[in-house]
Amino acid sequence: MKIPRIALAAYGFAILIVIVDQLTKAWVLEGLGLRFEGQSHPILDPVLNITLVHNQGVSFGLFGDGSARWLLSVFSAAVAVVLGWWALRADRRLLITAIGLIMGGAVGNVIDRIRFGFVVDFLDFSGTGVFPWVFNVADSAITIGVILLILDSLLSERAAKVGVAAEKS
């Protein structure tokens, strides 16, 4: 089976996200030497700090006791596989970018769950009083990917309506 060139772009984005995600987490753990949860390193205090958080759950602390480690790992891996399959059929650049970002973010966090039993979160903007959560590169990629997915859906829906209107004219 020949992999379409556009699908390779999605896989490339995913690989890039996994590499950047894992390198930044290694920097936090090894380079900054943050070992204990809650340890912090100021960058632009109070706006941005690097604060080590062991996220055993999912968003907003759901399953935060670590009981769903393997279930979350299998689910995230399955999502990445489905997205990889979807990339083989996608034909729009925005969609491919979204798929690649989400796939890479899911794999980056799966690696942590398997390796540590938790996801390493460290980007801490809580000092702003606006955004209380601590997150990582993988989480950012997933969030941006979902936004792009929604945008792609809206744009392709709009293009379809314009196409139907043009046919009726």
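Me: How do you know that the span of helix α3 agrees with its 24 residues?

Reply: The expected span of a helix is 1.5 Å times one less than its number of residues. For the 24 residues of helix α3 (residues 93–116) this gives 34 Å, and the end C-alpha atoms are 34 Å apart, so the two values agree. Helices (H or I, at least four residues) and strands (E, at least two) are DSSP runs, numbered from the N terminus. The model is a predicted one, in which local features need pLDDT of at least 70 and side-chain atom pairs count only at pLDDT 80 or more, while totals for chains, interfaces and linings use all residues. Residues are numbered from 1 along each chain as its sequence is written, and side-chain values use heavy atoms, with hydrogens and water left out.

Me: What makes α3 mostly covered?

Reply: Of its 24 residues, 17 are buried. Buried means under 20% relative accessible area, exposed means over 50%, and partly exposed lies in between (1.4 Å probe, protein chains only). Just after α3, Gly 117 takes a positive phi of about 90 degrees.

Me: How do you know whether the span of α1 agrees with its number of residues?

Reply: The 27 residues of α1 should span 39 Å at 1.5 Å a residue, and the end C-alpha atoms are 37 Å apart, which agrees. Just after α1, Gly 33 takes a positive phi of about 70 degrees.

Me: Which residues are in contact with Val 28, leaving aside its neighbours within four places in sequence?

Reply: They are Gly 33, Leu 34, Ile 50, Leu 52 and Phe 122. Contact means heavy atoms within 4.5 Å. Val 28 and Thr 51 are 23 residues apart in sequence and 8.7 Å apart in space, C-alpha to C-alpha.

Me: How many aromatic pairs does a search of the whole structure find?

Reply: The search finds 4 aromatic pairs. In the pair of Phe 131 and Trp 133, the ring centres are 5.0 Å apart and the planes stand at 75 degrees, so the pair is edge-to-face. Rings of Phe, Tyr and Trp (its six-membered ring) pair if their centres lie within 6.5 Å; planes under 30 degrees apart count as stacked, over 60 as edge-to-face and the rest as tilted.

Me: Why is the pair of Phe 131 and Phe 135 called edge-to-face?

Reply: The centres of these two rings are 5.5 Å apart and their planes are at 85 degrees, so the pair is edge-to-face. Ring pairs link Phe 125, Phe 131, Trp 133 and Phe 135 into a cluster.

Me: Is Phe 135 buried or exposed, and what is said of Phe 131 and Trp 133?

Reply: Phe 135 has a relative accessible area of 16%, so it is buried. Phe 131, at 35%, is partly exposed, and Trp 133, at 38%, is likewise partly exposed.

Me: What pattern does the protein follow along the sequence?

Reply: The pattern is α-β-β-α-α-β-β-α, with 4 helices and 4 strands. Of the 169 residues in the protein, 36% are buried. Along its principal axes, the C-alpha trace spans about 65 × 40 × 30 Å.
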